[in-house]
Amino acid sequence: MSESTFKAGNADQAELDNFNRLSNTWWDMEGDFAALHKINPFRLEFIERFTAIKNNSCLDIGCGGGILSEALAQSGATVTGIDLAEEVLTVAKLHGLDSGIKVDYQLISAEAYAHDHAEKHDIVTCMEMLEHVPDPASIVQAAADSVKPGGWVFFSTLNRNYKAYLLAILAAEKVLKVVPEGTHTYDKFITPAELDAMARHANLYLRGSAGIEFNPLLNRYGLSEDVEINYLLAYQKGL
């Protein structure tokens, strides 16, 4: 299968265009992606509940401007970040030059990367990305294909229920405007059970979960046991 086929098969151009349009704000700590900066330490905390980051090889699928990728590299990992939003990836590369944090950024789809780098990495992350693609199961399979047997895969996404709609779209996008309006589409939200079915089909086994508490009104962020809205799932690949 060609690279062009991989790219065409599982990317929403409107989603890519939207993220490219906002690319210059990616590293503004109080800008459009401030929420990602605030929750990023807790994503690292969740990963380290299950495996060390230092001295491991990490793949960050849907790396965007590199917020998580740089943090993983700062924690001592060898990191590859992949994305199909070209302007956003350019921002990631430029920020890496400024910060001095080394990440191998590549403009390539998850499926194409997995095809060329099967079972290469100790850790694969895919954060806040599954709800932006036409076929999330294909991304889950690519993540599983890219990780070594016994390695770890971490996903975060949004649950699909009325509470998630009220808080993640109505409140966060339309009222409080802490997330750019139009970032999320409710029908693309994924329940934990749906994500787990995709993962089990890909030979990934659930080892833990957590919710991400996101309350901009109280300036309160952290991990919780509540997976009703934003949630994280940790998987280990079968041997």
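Modeller: A word on labels before we begin: helices (H or I, at least four residues) and strands (E, at least two) are DSSP runs, numbered from the N terminus. The model itself is predicted.

Colleague: Good, thanks. Which strand is Tyr221 found in?

Modeller: Tyr221 sits in strand E7, which covers residues 220-224.

Colleague: And is Tyr221 buried or exposed?

Modeller: Tyr221 counts as buried, because its relative accessibility is 16% and the cut-off for buried is under 20%.

Colleague: How far apart are Tyr221 and Pro41 in space?

Modeller: Their C-alpha atoms are 9.8 Å apart, while 180 residues separate Tyr221 from Pro41 in sequence.

Colleague: Let's compare notes on another tyrosine. Where does Tyr205 lie?

Modeller: Tyr205 is in strand E6, residues 204-215. With a relative accessibility of 38%, Tyr205 counts as partly exposed.

Colleague: What does Tyr205 touch, not counting residues up to four places away in sequence?

Modeller: Tyr205 touches Ala234, Tyr235, Gln236 and Gly238. On C-alpha positions, Tyr205 is 9.4 Å from Val153, and these two are 52 residues apart along the chain.

Colleague: Let me zoom out. How many helices and strands are in the protein chain?

Modeller: The chain has 9 helices and 8 strands. Its length is 239 residues, and 55% of them count as buried. Taking the contacts with a separation of 6 or more, 72% join residues 24 or more positions apart.

Colleague: Which residues have the most contacts inside the largest nonpolar core?

Modeller: Those are Trp26, Phe46, Leu72, Val79 and Phe154, in a core of 38 residues. Apart from that core lies another, of 30 residues, with Ile108, Ala110, Ala112 and Tyr235 among them. As a general background, nonpolar side chains tend to be buried together in soluble globular proteins.

Colleague: Let me pick one of those. Leaving aside neighbours within four places in sequence, what is Val79 in contact with?

Modeller: Val79 is in contact with Cys58, Ser69, Leu72, Ala73, Val103 and Asp104.

Colleague: Leu72 again! Which residues of H4 are buried?

Modeller: Ile67, Leu68, Ser69, Glu70, Ala71, Leu72 and Ala73. Since 7 of the 8 residues of H4 are buried, this helix is largely enclosed by the rest of the structure.

Colleague: Tell me about the H3 pairing. At what angle do the axes of H3 and H4 cross?

Modeller: Roughly 45°, with the axes of H3 (residues 34-48) and H4 (residues 67-74) coming within 10 Å. That angle makes H3 oblique to H4, and their crossing is right-handed. On the H3 side, the contact is made by Leu36, His37, Asn40, Arg43, Leu44 and Ile47, and on the H4 side by Ile67, Leu68, Ala71 and Leu72. Sorted by class, this contact has 7 nonpolar, 2 polar and 1 charged residues.

Colleague: Which residues in H7 and H9 meet?

Modeller: Pro136, Ala137, Val140 and Gln141 from H7 meet Leu195, Met198, Ala199 and His201 from H9. That contact has 6 nonpolar, 2 polar and no charged residues.

Colleague: Last topic, backbone angles. What is the phi of Asn55?

Modeller: About 70°, a positive phi although Asn55 is not a glycine. For context, most residues other than glycine have a negative phi. Asn55 is in the loop between H3 and E1 and counts as exposed, at 66% relative accessibility.

Colleague: And where does Asn203 lie?

Modeller: In the loop between H9 and E6. Asn203 has a phi near 70°, positive in a residue other than glycine. With a relative accessible area of 28%, Asn203 is partly exposed.

Terms used
Residues numbered from 1 in each chain as written. Predicted model: local features only at pLDDT ≥ 70, side-chain atom pairs only at ≥ 80, totals over all residues. Heavy atoms only, no water. Axes fitted to C-alpha atoms, helices over the stretch in contact; angles between N-to-C directions. Parallel < 35°, antiparallel > 145°, perpendicular 65-115°, else oblique. Left-handed = near helix turned anticlockwise from the far one by under 90°. Contact = heavy atoms within 4.5 Å. Nonpolar A, V, L, I, M, F, W, Y, C, P; charged D, E, K, R; others polar. Core = buried A, V, L, I, M, F, W, Y, C linked by side-chain atoms within 4.5 Å. Buried < 20%, exposed > 50% of the residue type's maximum accessible area, 1.4 Å probe, protein only.
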